[in-house]
Amino acid sequence: GTNFTVFYAGNGEGDIKSNNILSLCLDSSVRLWTGTECGLGYYENGRFHQYSNTVYNPSTQILELSEDLVVGMGKDGPISFRKDDINNAVGRYYATGASWITNALVSREGELWLPRAADDDCSIDILDSSLQRLEEVRLGRDLSINAMAEQPSNTIWVATSRGLRCFSSLSHTPLPVPEVLGGLTGRRRI
């Protein structure tokens with residue numbers, strides 16, 4: 001058999017604060033970050049550390065912004081923290097439709113690509129590491145973003161409910177979907 005440990009929520013020092021784990025992130029220093037219905041935290045040296053001001057603020061996605069920063073997505077939009085001080089937010093971004101994000105991406109350029117839907121209009125807000133908006137890329141109406149990924153060639157792939165799109169992570173401009181894949185997107189196979 002395999003040995004494993006199950007952590008259950010508790011109120012003690014070093015306990016995880018919720019059994020409802022919504023997201024995980026393993027950062028570049030191999031620290032495990034947790035997003036629960038009680039907010040952002042991390043596991044290190046056999047104990048959990050919880051951001052104390054996020055009770056009832058679920059963290060639906062966690063990403064590493066840089067060697068020093070992480071960002072947690074929740075009801076108040078993305079909030080960034082220094083890894084060595086998760087009790088003090090250093091950056092916030094809020095725009096209509098920027099709550100409860102689950103499909104954001106940090107590009108190799110260190111920019112946060114944040115899917116956003118407001119009034120049936122879908123866009124991607126591109127933010128710098130201090131969560132200031134650099135640009136908005138509008139995708140159109142009646143669609144949703146299901147996933148994003150980046151290739152080493154500086155191509156950001158955006159999977160939507162209406163096909164696959166490509167963007168340059170350097171210029172933020174649309175790129176043509178390679179012809180070999182173009183036919184597949186119309187048949188919804190990607």
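1. A search of the whole structure finds 11 salt bridges, a salt bridge being a side-chain nitrogen of Lys or Arg within 4 Å of a carboxyl oxygen of Asp or Glu. This is a predicted model, in which local features need pLDDT of at least 70 and side-chain atom pairs count only at pLDDT 80 or more, while totals for chains, interfaces and linings use all residues. Residues are numbered from 1 along each chain as its sequence is written, and side-chain values use heavy atoms, with hydrogens and water left out.

2. Arg 31 and Glu 44 form a salt bridge in which the closest N and O atoms are 3.1 Å apart. The pair links distant parts of the chain, 13 residues apart, with Arg 31 in the loop between strand E1 (21–26) and strand E2 (32–36) and Glu 44 in strand E3 (residues 39–44); strands are DSSP runs of at least two residues, numbered from the N terminus.

3. As to accessibility, Arg 31 counts as buried at 13% relative accessibility, whereas Glu 44 is partly exposed at 27%. Here buried means under 20% relative accessible area, exposed over 50%, and partly exposed in between, with a 1.4 Å probe and protein chains only.

4. Asp 125 takes part in a salt bridge with Arg 116 (2.6 Å, N to O), and both of these residues are buried. Asp 125 also meets Arg 133 in a salt bridge, at 3.4 Å from N to O; Asp 125 has a relative accessible area of 0%, while Arg 133 is partly exposed at 42%.

5. These contacts belong to a network of salt bridges that links Arg 116, Asp 121, Asp 125, Arg 133, Glu 136 and Arg 138.

Key. Helices (H or I, at least four residues) and strands (E, at least two) are DSSP runs, numbered from the N terminus.
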